[in-house]
Amino acid sequence: MKTETGLLKPVFILAIETSCDETSVAVVKDGSEVLSNIISSQIETHRAFGGVVPEVASRKHVEVITLVIEEALNTAGIAPQDLTAVAVTQGPGLVGALLVGVVAAKSLALAWGKPLIGTHHIAGHIYANRLVKELQYPNMTLVVSGGHTELVLMEREGDFKIIGRTRDDAVGEAYDKVARALGFPYPGGPHVDRLAREAEEAFPLPRVWLEPGSYDFSLSGLKSAVLNAVNQSKMKGLEPDVPGIARGFQESVVEVLVEKAVRAVREYSAGQLLLCGGVAANKGLREALTLRCAAEGIELVIPPPVYCTDNAAMIGAAAYVKWKHEGGTPLDMVADPGFSLEKWSVSAY
């Protein structure tokens, strides 16, 4: 935005993220400079249940949202009157959890007289990459989060086209289910990742490629193969080779993800490959993609772990793009657990 003197005026966005089990509020300047990014995690609460309980998550958001907002503003050193807009995750996510953030954001926007920006959660994950590096277009993003596994093409800023998605389980879901089968608590992904890198040999498991040329993914068959391996060992009175199975599972998942992502970059002449989502913190996946992209001459962008898991800084980064092209969102905006990424694309083109 320009002032009367023609100089660029900084855009300060207060962003709120409550789509699942993290209550997060951030202040982001010009879509790329994080002034604060406060996260209140509920992992310890949900670990007792073996997964996220939606009703519990909603109550926890209500308990801490005001405190997290205050801390984000204090840490950033920004007063409400200095903010440009208030952004919030509109969806997808757990509807009760989303509602807490949406109601808080609407209340602040009204009280402070600031525009509201409803923001797509996956767009946030994708634009988390802009917090570490300027993006080039066209680019390709491999989205690997708890509920999403997708390949997303951006030919222009804020313009999303899904070219491949999971047909059943997402990678994060598969990791948690496999971890449970191997005897590990929620969240299981870090346990599987650690064991996979410690194992001397991989238990042989299938690779699911689907039809020739397909960019879709399928994890349910691989998950079943892991369960069969565990059950067959137990039926024989043997202890399952837990490290070997973890390594076999991770190698199968990573090989398919890497191969399809690299092929998509080539086919669509993408200038960068972006990695995002909670599973982007997985060391095995990060290392495999880094090595393969280096060998192929592909520029790879991966956010640090703090911006891979759910956080409000990423929402501020994506909201900036929407603000720049379209401005704010009507105050009658509603939380949408099935929010479409492609429909959220900016309409300036």
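**Entry 1: cis peptide bonds.** I looked up P187 in this predicted model and located P187 in the loop between α5 (171-181) and α6 (189-198). The peptide bond from Y186 to P187 is cis, with omega near -10 degrees. I then turned to P138, which sits in the loop between α4 (121-127) and β6 (139-144). The bond that joins Y137 to P138 is also cis, and its omega is near 0 degrees. I noted both bonds because most peptide bonds are trans.

**Entry 2: positive phi.** Most residues other than glycine have a negative phi. I found that D30, although not a glycine, has a positive phi of about 55 degrees. D30 belongs to the loop between β2 (22-29) and β3 (33-41), and I recorded D30 as partly exposed, at a relative accessible area of 25%. S269 is not a glycine either, yet its phi is positive, at about 50 degrees. I placed S269 in the loop between α8 and β9 (272-276); S269 is exposed, with a relative accessible area of 56%.

**Entry 3: α8 and α9.** I examined helix α8 (residues 242-267) and helix α9 (residues 283-296), whose axes come within 10 Å and cross at roughly 35 degrees. The crossing is right-handed. Residues in the contact include V254, L257 and R266 of α8, and L285, A288 and R292 of α9. By class, I noted seven nonpolar, two polar and four charged residues in this contact.

**Entry 4: cavity.** I searched the whole structure and found one cavity of 30 Å³ or more. The largest cavity holds about 90 Å³ of space. Among its lining residues are V171, F217, S252 and L257. α8 gives the most to this lining, with four residues.

Note on methods. Residues numbered from 1 in each chain as written. Predicted model: local features only at pLDDT ≥ 70, side-chain atom pairs only at ≥ 80, totals over all residues. Heavy atoms only, no water. Axes fitted to C-alpha atoms, helices over the stretch in contact; angles between N-to-C directions. Helix = DSSP H or I, 4+ residues; strand = E, 2+ residues; numbered from the N terminus. Left-handed = near helix turned anticlockwise from the far one by under 90°. Contact = heavy atoms within 4.5 Å. Nonpolar A, V, L, I, M, F, W, Y, C, P; charged D, E, K, R; others polar. 1 Å grid on protein atoms, 1.4 Å probe; cavity = no way out; pocket = protein on both sides within 12 Å on 5 of 7 lines; lining within 4 Å. Points joined across faces, edges and corners; volume = space filled by probe spheres on them. Buried < 20%, exposed > 50% of the residue type's maximum accessible area, 1.4 Å probe, protein only.
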